Amino acid sequence: MRNYIAVVFDDTSKAYEGLHALWQMDDEGAITVHGTTVVHRNDWGEYQVDSKDTHPALATAVGVGMGALLGALAGPAGAAIGAAKGAAIGAASGGAVGAVTDVARADTRDESRYETAWVLGYGQSAVIADVSEDTAFMVDERMRRLGGSVHRRAYGDVRDDKWFGDYPYDYYLYPYEYVPPYSPWWA
Amino acid sequence: MPETQVKDAVDQVRASTQELHKAISDAAAKRGGAAKADLEAVPMKAKAAIDSIKSSVATQNTAAKKHLTEAVTLLEATQKHATDGVKASGKAFQTAVRQTIADARAAVQHVSEAVAAKRTAGAAAGARK
């Protein structure tokens with residue numbers, strides 16, 4: 001089954017460990033990873049998305065696309081994007097917030113459709129991934145051991161989401177393990 | 001924990017298309033002449049990926065074949081847009097780079113879907129034994 005997953009970690013380094021573990025599981029043939037990225041929420045509540053794209057136009061596109069994907073994954077107001085109303089989602093490159101986008105519309109969505117809404121708290125990071133998996137157990141167990149909590153939504157459901165259906169989410173997920181050069185993973 | 005799989009032709013194709021996307025997105029993060037110089041190598045790399053898909057597609061299952069065929073179409077578009085980008089400048093160059101990245105990303109996507117189809121078929125065959 002193909003799913004979008006979000007794995008929330010309290011610590012940025014652990015998020016990169018989680019990212020690495022997913023690609024390792026892919027290498028082992030346990031799952032197939034189609035794309036990943038890491039989203040951070042800083043101590044001021046701003047969102048940053050790992051991205052190589054430094055051109056302002058591309059950074060804005062990444063911000064808008066990831067905002068939409070996070071909203072589709074996390075659910076309504078009170079979850080990730082709802083909490084970020086009026087805040088910034090940027091393409092983080094060199095540690096900077098690259099763009100600001102208005103994600104206020106996320107709070108107009110139907111809350112009852114989501115049973116597993118989650119919150120990306122201040123200082124937390126989440127690995128966002130598009131994966132094919134035969135069972136949820138393997139990813140859940142591996143991430144649990146790293147201290148991450150897994151939230152999952154079927155790929156088809158996200159694609160069918162009437163609010164966010166037009167966004168090419170995959171464009172914002174790296175189809176290989178990408179860790180920005182400034183990340184604590186390299187420390 | 002499953003054993004690390006022996007990499008077959010589709011895995012190799014996936015690695016080369018991932019590498020292609022990496023090269024294009026690295027090029028896009030550069031400025032001016034440096035970006036263009038890196039982009040010049042893209043059509044050749046895309047052609048190499050196309051050739052290796054074509055040589056491996058016959059042995060794949062139907063679902064994998066479908067995705068690999070789509071990937072070839074997208075890699076051809078990658079070639080074209082990269083070639084256009086090398087000849088262009090300014091806004092046209094930025095547009096061509098964006099299209100090249102999008103095409104390459106979609107091509108990798110299809111190849112990884114072919115890998116997933118192959119793994120699912122392998123798991124089902126294993127379960128029947």
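Modeller: Gladly! Chain B has 5 helices and 0 strands; helices (H or I, at least four residues) and strands (E, at least two) are DSSP runs, numbered from the N terminus. This is a predicted model, in which local features need pLDDT of at least 70 and side-chain atom pairs count only at pLDDT 80 or more, while totals for chains, interfaces and linings use all residues. Residues are numbered from 1 along each chain as its sequence is written, with chains lettered from A and ligands numbered from 1 in the order in which they are written.

Now to your strand. In E5(A), 8 of its 8 residues are buried (20 or more other C-beta atoms, placed from the backbone, within 10 Å of a residue's own; 12 or fewer is exposed, in between partly exposed). One side carries Ser125(A), Val127(A), Ala129(A) and Val131(A), and the other Ala126(A), Ile128(A), Asp130(A) and Ser132(A). In a regular strand, side chains alternate between the two faces of the sheet.

E5(A) has antiparallel partners: 8 bridges join it to E1(A), and 8 bridges join it to E2(A) (pairing requires at least two DSSP bridges between the strands). Ala126(A) is the bridge partner of Val8(A), while Ala129(A) stands opposite Thr36(A).

Ala126(A) and Val127(A) are also, with Val7(A) and Val39(A), the residues with the most contacts inside the largest nonpolar core, which has 39 residues. Such a core is a set of buried Ala, Val, Leu, Ile, Met, Phe, Trp, Tyr and Cys residues joined through C-beta atoms within 7 Å. E5 (125-132) is among the elements of chain A that each supply at least two residues of this core, as are E1 (2-9), E2 (32-41) and H4 (137-145). H2(A) gives the most, with 7 residues. Beyond its neighbours within four places in sequence, Val39(A) is in contact with Ser125(A), Ala126(A) and Ile128(A), among others (contact means C-beta atoms, placed from the backbone, within 7 Å).

H1(A) meets the strand too: its buried residues pack against E1, E2, E5 and H4 of chain A. Those buried residues include Leu19(A), Leu22(A) and Met25(A). Just after H1(A), Gly29(A) takes a positive phi of about 85 degrees.

Conventions
Contact = placed C-beta atoms within 7 Å.
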